[in-house]
Amino acid sequence: MSILSGIFSPYNLLLMLGGTVFGMFCGALPGLTATMAVALLVPFTFTMNPTSGLITLGAIYGGAIYGGSFSAILVNAPGTPSSIGTTFDGYPMAKKGEGYRAIVTATIGSVFGGIFGTLVLIFMAPPLAIWSLNFGPTEFFWVAVFGMTIISSVEQKAILKSMIGGLLGMLVSTIGIAPVGGEARFTFGFPALMGGLQLVVALIGFFCIPEMMNMVGGGLKSMSAITAKKQRGVFWETVKDIFGRMWGNLLRSSVIGTITGILPGAGGSIANLIAYNEAKRVSKHPEKFGTGIVDGVLATETANNAVVGAGMIPLFTLGIPGAPPDAVILAALVMMGLRPGAELFSGQLANITYTFMYSMIVANIMMMFIGIWGGQSLYKVTSRLPVRYLAASVFFLTIVGSFAIRNSVFDVYAMVLCGLIGYVLLQLKFHPAPFVLGLILGPIIEEGFVQTILMATGTKQPWMAFFNRPLSIILIVMCLLSAFWPLIANTIHQFKQKGVAVNERA
Amino acid sequence: MKGMKNKVKSKFWLLVVVVFLIMSLAGVNAAAKFPNKPITYVIPFAVGGESDITARLQQKYLEEILGVKVLIINKPGGGGALGWAECAAGKPDGYTVTGCNLPHTIVQPMESKDIGYQTDSLNLVYYFQNTPNVLAVPKDSPYNTLADFIKAAKEKPLNLGGSASNSANHLGVLQLNKVAKVKITYIPFSGTGTAVPALLGKHVAGLMTYTTVGVNYAKEIKVLAVATEKRWGAWPDVPTFKEQGFNVVEGAYRGVAVPPGTPPAVMKVLEDAFEKVNRNPEFVKKMEEMGFIMENYGVRASKKLVAEGKKHYSDLLTELLNKK
């Protein structure tokens, strides 16, 4: 009973509301990530009791991951790395005048995924955390390789270009201090490059800047050339659509997000892309993905919010962050004197823990209302704003955002450079996603690879270390299927065609 | 006529002298008033790490003592090198202090010529804590003592995970290999956050990690040895490496530095402030609970500490470089 009174106390409800709005705001600004949003308010939580502090941080985190969809949809800039995939279909939808529908989809998906991940956290945390320990360096290597195979389905007609992009991304990810060995690579004497190319800088540079330049150069008066459709009907239409035929997508994406969240380190940035890939793979009309359909946005936003709850599973049970923002929450827990482990789930501390977790469900529901109402106004504003004001404001925000990452002017210059290169690549019809994927996964692949080899020191055939664990084998099979799916799908398709032809002749 | 001109002239010079005196007084006042605007505390690591948590705990005490706001900014990059390079080139007015660590700041410039700073260009104010290395294995590991572990290491290839390359963890393993005459492979992880699951999932045989990890995961791991001169008060039952016959004394020190050329008077104010925080019983209790060992190296003592460290690590590193 005290849990309910804790959740619904006016103070905590207000914190949930404030946290969600603040999180959404940070998430929507390209350059400010969920991790930053949580980190910014951690000092404030020290003045609160632990329950309220955690409730605030949880609300901010969820809000930020959801908020990332707004800028992804409206200006093709992933607000956080977790919304990269939302740009694939969200932005095309906005260009077609369906931006509000995309926002509604993102909202429903985020709320569903968020609640799903939180429920798994509440009811299945301990056993799942133990299971996640089976993933060691070798498994992380294969998971990251699996992530790279998504490239093959992003642009099926230009696989070569995607592969070049992906490998280039991996190459650029090596800039900085090597994870093993500690030597500086490709820094050209710039101390600022020792941290490598920041992901957010690349995201803004490659996704947002080229599109804005395109818009300005294209002579569009404002974003939606078509007058936005009547908004009131859109909401219920989309709800019926999603819960009518897209249950599979909702559940599958939630599961993908949950599993990715449980694995320490990987987070929403990978989850949304895997979910997108899977949705496209099992769809009856995969060629429509990328042109602006609801399915794409639903998959990415559901998965990334499922990560929020699931990432806390290893955090609360083992003290291991499941995703980057969880590292900040871990610091907050430590400062509050809450030691992760079994004690958090029993005794007097259980009250704090469970109040917090159940409150995340309430926060998600709040997100729904804020999102629908706020999204409508936001969409109206951005779609009717003359392009010259919109682009100028966005450019301004990108500078603020890239500086905010680590208070470095160098990052701003890097962002501008990426933007120019990205514009050229856009004209050459290179999709930015493979490059960014390589940038994210490169370090994970490298670390997993080198660690596995090191762990196998002294054995007769070190290379066998990659293949001699059951979990690795399963992952390898998944990689092969994913990499060669276009080929496999084609063959099956042709088989079916032949069958039809035979039948017709007979 | 000439007389009048002389009178004006001398009055003019009197005015100049008076103004000059007033200005110099004001200058003296300004120095005496340090600090009179907010101080920035730069942490060259990501939010949530040991350096970051320490700084956030120190923050409120520092604000009380210094009477100004203390703003914490994280500037991660290059394992700390980015923040230290900026410190070495920063404005020496005392309004920016940068968290610094040993052995990182000694070993990094030795390893890379263009890391952006030299060990001695970090003007040390205070070293306030230390997390010694510990050798940890899972609770149900077959090894119950350090001797067990070393014996096994002589028979088959064993590995120890730890945080980062060229860190106290890494150097600790190298030192152990040297004195125990074994060849344990060190597996660097990007941080304690990724090393611990690897240990719990039995992907590595053990970890050479910090006391803070031993405290945080006390239920799931057992610590076989602590790399200090004498046994650690918080764990009276855990033997040191030294008493078991292996001279391994190693750990990570954390402190703050300012850019070179900062006036000694300003540095004294900062040194006193950090000293006061470090002696505050409430603060000490919190830090020790988390596994930190308090140290109290002021400006002069820090210089000596670093000089000793340089000698020690350059010997050890010649081995590292030879290995490559």
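Tutor: B:Pro103 is found in the loop between strand E3 (96-102) and helix H4 (104-111) of chain B; helices (H or I, at least four residues) and strands (E, at least two) are DSSP runs, numbered from the N terminus. The peptide bond that leads from B:Leu102 to B:Pro103 is cis, and its omega is near 5 degrees.

This is a predicted model, in which local features need pLDDT of at least 70 and side-chain atom pairs count only at pLDDT 80 or more, while totals for chains, interfaces and linings use all residues. Residues are numbered from 1 along each chain as its sequence is written, chains are lettered from A and ligands numbered from 1 in the order in which they are written, and side-chain values use heavy atoms, with hydrogens and water left out.

Two further loops hold residues with a positive phi. B:Lys181 lies in the loop between helix H6 (168-180) and strand E6 (185-189) of chain B, and its phi is about 55 degrees although it is not a glycine. This lysine, B:Lys181, counts as exposed, at 70% relative accessibility (buried means under 20% relative accessible area, exposed over 50%, partly exposed in between, with a 1.4 Å probe and protein chains only). In chain A, the loop between helix H19 (409-427) and helix H20 (432-455) contains A:Lys429, whose phi is near 65 degrees. A:Lys429 is exposed because its relative accessibility is 65%.

Beyond its neighbours within four places in sequence, A:Ser402 is in contact (heavy atoms within 4.5 Å) with residues including A:Val201, A:Ile204 and A:Asp411. A polar atom of the A:Ser402 side chain lies 2.5 Å from the backbone oxygen of A:Thr398. A:Asp411 is also touched by A:Gln198, together with A:Ile405 and A:Arg406, not counting residues up to four places away in sequence. A:Gln198 sits in the loop between strand E2 (184-185) and helix H10 (199-217) of chain A and is buried at 18% relative accessibility.

A:Val328, placed in helix H16 (residues 324-335) of chain A, is buried, with a relative accessible area of 2%. Apart from neighbours within four places in sequence, A:Val328 is in contact with A:Thr35, A:Val38, A:Ala39, A:Val42 and B:Val47.

Finally, consider a pair of helices. The axes of helix H6 (residues 99-132) of chain A and H14(A) come within 6 Å and cross at roughly 30 degrees (axes are lines fitted to C-alpha atoms, for helices over the stretch in contact, and angles run from 0 to 180 degrees between N-to-C directions). H6(A) is therefore roughly parallel to H14(A) (angles under 35 degrees count as roughly parallel, over 145 as roughly antiparallel, 65 to 115 as roughly perpendicular and the rest as oblique). Among the residues that meet are A:Gly109, A:Gly113 and A:Gly117 in H6(A), and A:Leu298, A:Thr302 and A:Asn305 in H14(A).

As to confidence, chain A averages a pLDDT of 84, and 95% of the residues score at least 70; pLDDT is the predictor's confidence in each residue, from 0 to 100. Within chain A, the highest mean, 94, belongs to helix H14 (residues 294-310), and the lowest, 72, to helix H8 (residues 151-154).

Definitions and conventions. Polar contact = N/O pair within 3.5 Å; in protein donor to acceptor, adjacent residues only side chain to side chain.
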